[in-house]
Amino acid sequence: MVAKKYCSHSGCKRLVNLNQRYCDKHKPKQQHTSKTSDYANKIHASSRWRKTSQLYREANPICEQCLKASKRAGKGLDERAGMINLASSVDHIVPLFAGGEPYDWNNLQSLCSFHHSLKSQAEREQKK
């Protein structure tokens, strides 16, 4: 018989193996993994990046692409104009695989999930 313990999530009574912390329902989500480069994955896994990202998001909490779109709102250039979202991630303007500086604030931008997805998709196409 294998020894079990309770899931570490507050109030959860599911049993897990001793070498696990959470049950499948409360297991933390995977960290960001880049589909473009192993170098980017190494940077994103570092504590220096987590601190840089957090500080940048605190200083720039609104998606910078949403802000640009709202400035173009009166000109009818963007269908998402007027929709301003909180940033969910910090993105490198010049991608790491293209030689962008990982910790330079001039190479960072706060993006919502919509704009980050668009940019990531374009970068994957560019890399092909």
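Tutor: A patch is made of residues with over 30% relative accessible area and no salt bridge, and nonpolar side chains are joined into one within 5 Å. The structure discussed here is a predicted model.

Student: Which residues form a nonpolar patch on the surface?

Tutor: The patch has about 340 Å² of accessible area together. Its members are Ile62, Leu67, Ile84 and Leu86.

Student: Is Leu86 buried or exposed?

Tutor: Leu86 is found in the loop between helix H3 (64-71) and strand E3 (89-92). Exposed means over 50% relative accessible area. Because Leu86 has 64% relative accessibility, this residue counts as exposed.

Student: Which residue has its backbone nitrogen 3.1 Å from a polar atom of the side chain of Ser88?

Tutor: Ser88 lies in the loop between H3 and E3 and is partly exposed, with a relative accessible area of 43%. Leaving aside neighbours within four places in sequence, Ser88 is in contact with Arg57, Leu111, Cys112 and Ser113. The backbone nitrogen at 3.1 Å from the Ser88 side chain belongs to Ser113.

Student: How far apart in space are Ser88 and His116, C-alpha to C-alpha?

Tutor: In sequence, Ser88 and His116 are 28 residues apart. In space, their C-alpha to C-alpha distance is 8.6 Å.

Student: How many residues make up the largest nonpolar core?

Tutor: Members of the largest nonpolar core include Trp49, Tyr56, Val90 and Leu108. Helix H1 (38-44) and helix H2 (47-59) each supply at least two residues of this core. Val90 is in contact with residues including Trp49, Tyr56 and Leu108, leaving aside its neighbours within four places in sequence. The size of the largest nonpolar core is 7 residues.

Definitions and conventions. Residues are numbered from 1 along each chain as its sequence is written. This is a predicted model: local features need pLDDT of at least 70, side-chain atom pairs count only at pLDDT 80 or more; totals for chains, interfaces and linings use all residues. Side-chain values use heavy atoms; hydrogens and water are left out. Patches are made of residues with over 30% relative accessible area and no salt bridge: like charges are joined within 9 Å, nonpolar side chains (Val, Leu, Ile, Met, Phe, Trp, Tyr) within 5 Å. Accessible areas come from the Shrake-Rupley method with a 1.4 Å probe; for residues, only the protein chains shown count as cover. A salt bridge is a side-chain nitrogen of Lys or Arg within 4 Å of a carboxyl oxygen of Asp or Glu. Helices (H or I, at least four residues) and strands (E, at least two) are DSSP runs, numbered from the N terminus. Buried means under 20% relative accessible area, exposed over 50%, partly exposed in between (1.4 Å probe, protein chains only). Contact means heavy atoms within 4.5 Å. A polar contact is a pair of N or O atoms within 3.5 Å; within protein, one must be able to donate a hydrogen and the other to accept it, and residues adjacent in sequence count only if both atoms are side-chain atoms. A nonpolar core is a set of buried Ala, Val, Leu, Ile, Met, Phe, Trp, Tyr and Cys residues joined through side-chain atoms within 4.5 Å.
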